[in-house]
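I opened a new notebook page for this structure. Below are my entries, in the order I looked things up.

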Amino acid sequence: MSEVVLKMQGIIKDFPGVRALNNVNFEARSGELLALMGENGAGKSTLMKVLSGVWPYPTYEGDIYLRGERVRFANTKEAEAAGIGIIYQELNLIPGLSVAENIFLDRQFTDAKGRINWNQTFAETQKLLTELGINDIRPTDLVQNITVGKQQMVEIAKALSLKAEILVLDEPTSALTDKEVKDLFRIIRKLKADGVCMCYISHKMEEIEQIADRIAVLRDGQTIGEVTPIADITLDQIIARMVGRDIKDMFPKVDFTPGEVTLEVNDLSVTNPDMPGSYLVKNASFVARKGEILGISGLMGAGRTELVGGVFGAYPDQTTGEVKLNGQKLEIKSPKDAIEAGIALLTEDRKALGLFLDKSISFNTTISSLETISSKVLGIINTQQERKVVKEYVDQLGVKTPSIDTVIGTLSGGNQQKVILGKWLNSKPDVFILDEPTRGIDIGAKVEIYKLLNELVQQGVTVIMISSELPEVLGMCDRILVMCEGEIVSNFERDDAKKEAIMAYATGSA
Amino acid sequence: MSADSNVAGVGVNGAKENHLINFIKDNATLIALIVLVIGLSFADDAFFTARNLSNLSRQVTIIGIIAVGMTMVILIAGIDLSVGSVVGLSAVVCTLMMQYGVPTVLAVPATLLVVGVGIGAWNGFWIAKFNIPPFIITLGMLTIARGLALTLTNGSSVPVTSDVFPLIGGAYIPPMMSSIVLIVCAALAVYSIFRDVQQSRAHGVEVNMQELLVNGAVMIGGFALAFHVFTSYKGIPVPVAIFAVIAFAGIYTLNSTRFGRRLYALGGNEDAARLSGINVVRTKMIVYTVISVLSALAGIILASRLNGASPNLGTMFELDAIAAVVIGGTSLAGGSGRVSGTIIGALLIGVLNNGMSLLGVVTFYQLIIKGLIIILAVWFDVMQKKK
């Protein structure tokens, strides 16, 4: 059995009013991949920040041991020097600099006079990349010109150049295509063979099954159960540990007979503003029916977000085509027009496109339907009515919050998403489009969202859901459109939809 | 055991200290203003007299009116550098019209429309429709409007011959009337606070007692001071009354209307605002129009007070207006801020100017001190955000 490299014992970390970590215990060995699993808000990221010196000793309690020796980092530099490398969800590269400059940022090879030896810097970078078996990135490539997946490889190369013995990967695949995930896993396997100890934070069960050696589960800031080898535990058991209960039915799909066509999209195209003459969405036509959940599947960058954005009037200058709602042709020149026509769009990027982070739950809930809580003439807001409406949605959706005046940025991802759902429900849409509605939120909240979709469908709302998670699409949708390179390439009925077939169309190999 | 109680003791003390520090942080500008007023009262007998304070309030109105508009502009993460030149142009246009025989009652609204709405809509059009940075558009307008004022007057001053026009900036509401107005306003203010508290309680929302007490104390103190000053010296100056109405309208708009909400949304996250169905172009155009109209109004009041207009009126006013907003705690990044803060900021700058002049501080030094205070205020704001 290999050596224990990292041991965290009795870690407790308090924030004002919350105990984020409450007695965390685990150990990781060299040459293994330890999966750290847990719902959002379980404390995974805080734990990694303690490990990496972002929260220095003594802002936490408990002990960290590296190869049996107790360490107490005062800052991230010390942790780095001790061989801890962390790849965060949001990459920390400088887009305008080359791969080599990023890897050797502030550590470039210099001569005696302090001038940078670029040849050596590039050569060392090449050596690192070659060692990792990465042959499609050049040291001179600008980071902004390579894909997110490759940027991640650069981060890994950088961590290794810092002689990292413990590599922490925080949801590394959340923005990767399937091929990139495969490449990443190949590198992870190689690093395992080289004896690197890896802590891998992820929600995705499939990935964990593929590459993890052992699993530690965090819930409410505590490690639940022992660190368990992957072979000795079932997916259901993992989920049970994560949520503290068995989830009998992950996808509570209710069958319902779809009604007449509500939304009809004909020949919708969205041009690419960065590349004149090319299209993000090309001649897409589809219909959606009353009382059905229409899924849109495809790889990242297939044009799904742009398709629904085009319908919603998000890029009026780039969009052509026809949108009909209940047989009526719509002139949508802005999201405002779309909302007024009865279309709602829950965006994929919550932080950048959905939330007003430093504003209250109340503010976020009513912002897209202020007309309903204010006077016609001067637009004077009826605070009483606003409170009542917001309170209703908070209760209905089970948003966990001390008050409706709480700043939304302080809530967990799942609760933020529920507030945004409330905001769009409050606009009383006929067609509700949801772009990756369950991304980055915990399993409990996911199931609640699925149940809500069922309710909406029963009320006669047309639901369109984009999702990159195939089990979700297969589990919840009545019909599935598959997009590939800006075009709708296939349309599956629920009963005919098979994972392999969808993937084949999505990757363009069908 | 004793060690435990020690720890607990430290905790309580620490909490108390935090409470005090937070209180000071939350109300820093207000505390600075009060300290400054008390200090100046001791330093110079002429400061805390009804006459001086009445004049001071009149001086503050010009920047104050512009700063109310500037709060909205900065709230949507914009900036308007042209306000000073708009002041000059509107003063010149209004007085010139009267020189050509247009009666005051027509010249004033015409100026607000032509100069205020005209320039504001122009600025807003380029900024909102074509996404050109407001800094550039309004910087251009700063020069254009000043150039227009100089061209129209050929560089010389325009005298005022009307009997009515000087009243806008110079008249007073008689003391008797003033006291009635002040008492009614105070009663309304107290009533509205009570109603708010009751409504919050009814909805189970916790009332922030500290904030309530501070607001109450400031309001009562403010009304008492205003009552003392205005009843013992001539009454409420008309421009102060105009400013009060505009400030109230500004506070009310931002707190309680759809439009106000949209400004916070727009400044907080423009993309999310657009995708939430907010008409970004229209909202921006309105904001830039509002500030231009307010600047034009300030120009008219100024010309009235001075009984004439020079094309150089309002030079550098943009800086004082921006300073008042920033000192008042509105974030230059947009999305957060309040008109009440801006009013305190404008008062602080006004008191500072007045006090330094009374104490005989050389104008050159005044500039330096003002600049340092602006830097201090922003530094304070940034430090606070960091925690």
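Domain bounds, I noted before starting, come from an automatic or database domain assignment. For chain A the assignment gives domain 1 (4-243), domain 2 (249-342 + 429-510) and domain 3 (355-428).

The model is predicted: local features need pLDDT of at least 70, side-chain atom pairs count only at pLDDT 80 or more, and totals for chains, interfaces and linings use all residues. Residues are numbered from 1 along each chain as its sequence is written, while chains are lettered from A and ligands numbered from 1 in the order in which they are written.

**Entry: domains 2 and 3 of chain A.** I looked up their C-alpha centres, which lie 25 Å apart. Next I looked up contacts (C-beta atoms, placed from the backbone, within 7 Å). Ten residues of domain 2 of chain A touch ten residues of domain 3 of chain A. On the domain 2 side, helix α15 (residues 443-458) of chain A gives the most, with three residues. Helices here are DSSP runs (H or I, at least four residues), strands likewise (E, at least two), numbered from the N terminus. I sorted that side by class: seven nonpolar, one polar and two charged. Nonpolar means Ala, Val, Leu, Ile, Met, Phe, Trp, Tyr, Cys and Pro; charged means Asp, Glu, Lys and Arg; the others, Gly among them, are polar.

**Entry: chain B overall.** I found 16 helices and four strands in chain B. Its C-alpha trace spans about 90 × 55 × 45 Å along the principal axes. Buried residues (20 or more other C-beta atoms within 10 Å of their own, C-beta atoms being placed from the backbone) make up 42% of the 387 residues in chain B.

**Entry: a helix pair in chain B.** How do α8 (residues 175-202) and α9 (residues 209-232) of chain B pack, and at what angle? The angle is about 175 degrees, and the axes are 9 Å apart. Axes are lines fitted to C-alpha atoms over the stretch in contact, and angles run from 0 to 180 degrees between N-to-C directions. α8(B) and α9(B) are therefore roughly antiparallel, a label for angles over 145 degrees. Among the residues that meet are B:Leu182 and B:Ile193 in α8(B), and B:Phe223 and B:Phe227 in α9(B). By class, this contact has twelve nonpolar, four polar and no charged residues.

**Entry: chain B against chain A.** I found 21 residues of chain B in contact with 26 residues of chain A. On the chain B side, α11 (258-268) and α12 (270-275) each supply at least two residues. The largest share, six residues, comes from α11(B). That side divides into six nonpolar, eleven polar and four charged residues.

Definitions and conventions. Contact = placed C-beta atoms within 7 Å. Parallel < 35°, antiparallel > 145°, perpendicular 65-115°, else oblique. Buried ≥ 20, exposed ≤ 12 C-beta atoms within 10 Å, placed from the backbone.
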